[in-house]
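Subject: Structure handover

Hi,

Here is the structure I promised to pass on. Please open it alongside this note; my findings follow below.

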Amino acid sequence: MTEQTRSGFVTFVGRPNVGKSTLTNALVGEKIAITSEKPQTTRRAIRGIVNRPEGQLVIVDTPGIHKPRTLLGERLNDLVDQVLGDVDVIGFCVPATEKVGPGDRRIAASLDGYPRAKKVAIVTKTDAAGRDDITERLLEVDALREDWAAVVPLSALTRDQLEVLADELLSLMPKGPPLYEEGITTDESQEDRIAEMIREAALEGVRDELPHSIAVIIDEVSRREDSDFTDVHAQIVVERDSQKAIIIGHKGKRLRDVGARARGGIEELLGTRVFLGLHVKVAKEWQRDPKQLGRLGF
């Protein structure tokens, strides 16, 4: 990278489940943020780093902006607000498959509160929409603000127009050297990535009210001596005994399925075979308890 390179921070905003984490992973080129059909999957500011000859993008993947119903929800919104105040570019995401609604308009208008950042509109999930729907969405999104630096339709799934977006974002970044060494794709710790993989596996197939109640604590990650096995022990935390029963399932079947789903990604991350020990713990109303939220890292 030369002295003429650009580098800076971008974050994607939008209603929950518009494809922000999927877009982050596609741009980075590997899975650094978990994805789920359940809204509010992302709970932390996860940084993904995109290295290109002309510069470096640092993508800060954040929770979706939503109306909070718990102390956890309030803290997630505060996190988004903090990130938005610090980044160089904000990418506002709307899916091509849904008409622009009141929630989209509210979020687009709220970007007035972050005058420092340049704004880009992104129409996501074009692979799942027809040409007429995409055209209609582009017109709707374009009309939301007068200061879009660019409006880009794309599909993170098929990678259509992904390079166009990366070029646009880099062109809007300030000139400067890379912020991270080449080869680094995220600043997430190994334990945090393992915890997220387990939570992603636990989210699959659960009822709508349960996802918000699931958290994961890593107790141990240790390589066995004279063996290519790594022992990983973790707790899946829920809020009620009834939720614990759902996670464990009949005779422990569901918990075994969670372990099997998570193990593949963890083995790929660690480069060893993995013994994964999962235990389910109840922490009553942890989403509303400041002390428990602190212990869980929120």
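Start with the helix packing. Helix H7 (residues 241-248) packs against H8 at an angle of about 65°, and their axes are 5 Å apart. H7 contributes Ile246, Ile247 and Ile248 to the contact, and H8 contributes Lys253, Arg254 and Leu255. By class, this contact of H7 with H8 has 4 nonpolar residues, 2 charged and no polar ones.

Bear in mind that this is a predicted model. The chain averages a pLDDT of 87, and 91% of the residues score at least 70. Confidence is highest in strand E6 (residues 148-153), at 98. It is lowest in helix H2 (residues 71-86), at a mean of 76. Where pLDDT is low, the predicted coordinates should not be read in detail.

Back to H8 (residues 253-270), which also meets H6. The two axes come within 8 Å and cross at roughly 145°. The crossing of H6 past H8 is right-handed. On the H6 side, the contact is made by Gln190, Arg193, Ile194, Met197, Ile198, Ala201 and Ala202. On the H8 side, the residues are Arg254, Val258, Arg261, Ala262, Gly265, Ile266, Leu269 and Leu270. By class, the contact of H6 with H8 has 10 nonpolar, 2 polar and 3 charged residues.

Look at Met197 in particular. Met197 sits in helix H6 (residues 190-203) and is one of the residues in contact with H8. Is Met197 buried or exposed? Met197 counts as buried because its relative accessible area is 18%, under the 20% cut-off. Met197 and Arg75 are 122 residues apart in sequence, and their C-alpha atoms are 22 Å apart in space.

On the overall layout, the domain assignment gives domain 1 (6-172) and domain 2 (190-296). Their C-alpha centres lie 28 Å apart.

Two backbone points deserve a look. Most residues other than glycine have a negative phi. Gln161 is not a glycine, yet has a positive phi of about 75°. Gln161 lies in the loop between E6 and helix H5 (162-171). Gln161 is partly exposed, with a relative accessible area of 30%.

Glu285 is the other one. Glu285 has a positive phi of about 50° and is not a glycine either. Where is Glu285 found? Glu285 is in the loop between strand E9 (273-282) and helix H9 (290-295). Glu285 counts as partly exposed, at 35% relative accessibility.

Best wishes

Conventions: Residues are numbered from 1 along each chain as its sequence is written. This is a predicted model: local features need pLDDT of at least 70, side-chain atom pairs count only at pLDDT 80 or more; totals for chains, interfaces and linings use all residues. Side-chain values use heavy atoms; hydrogens and water are left out. Domain bounds come from an automatic or database domain assignment. Helices (H or I, at least four residues) and strands (E, at least two) are DSSP runs, numbered from the N terminus. Buried means under 20% relative accessible area, exposed over 50%, partly exposed in between (1.4 Å probe, protein chains only). Axes are lines fitted to C-alpha atoms, for helices over the stretch in contact, and angles run from 0 to 180 degrees between N-to-C directions. A crossing is left-handed if the near helix is turned anticlockwise from the far one by less than a right angle, and right-handed if clockwise. Contact means heavy atoms within 4.5 Å. Ala, Val, Leu, Ile, Met, Phe, Trp, Tyr, Cys and Pro count as nonpolar, Asp, Glu, Lys and Arg as charged, and the others, Gly among them, as polar. pLDDT is the predictor's confidence in each residue, from 0 to 100.
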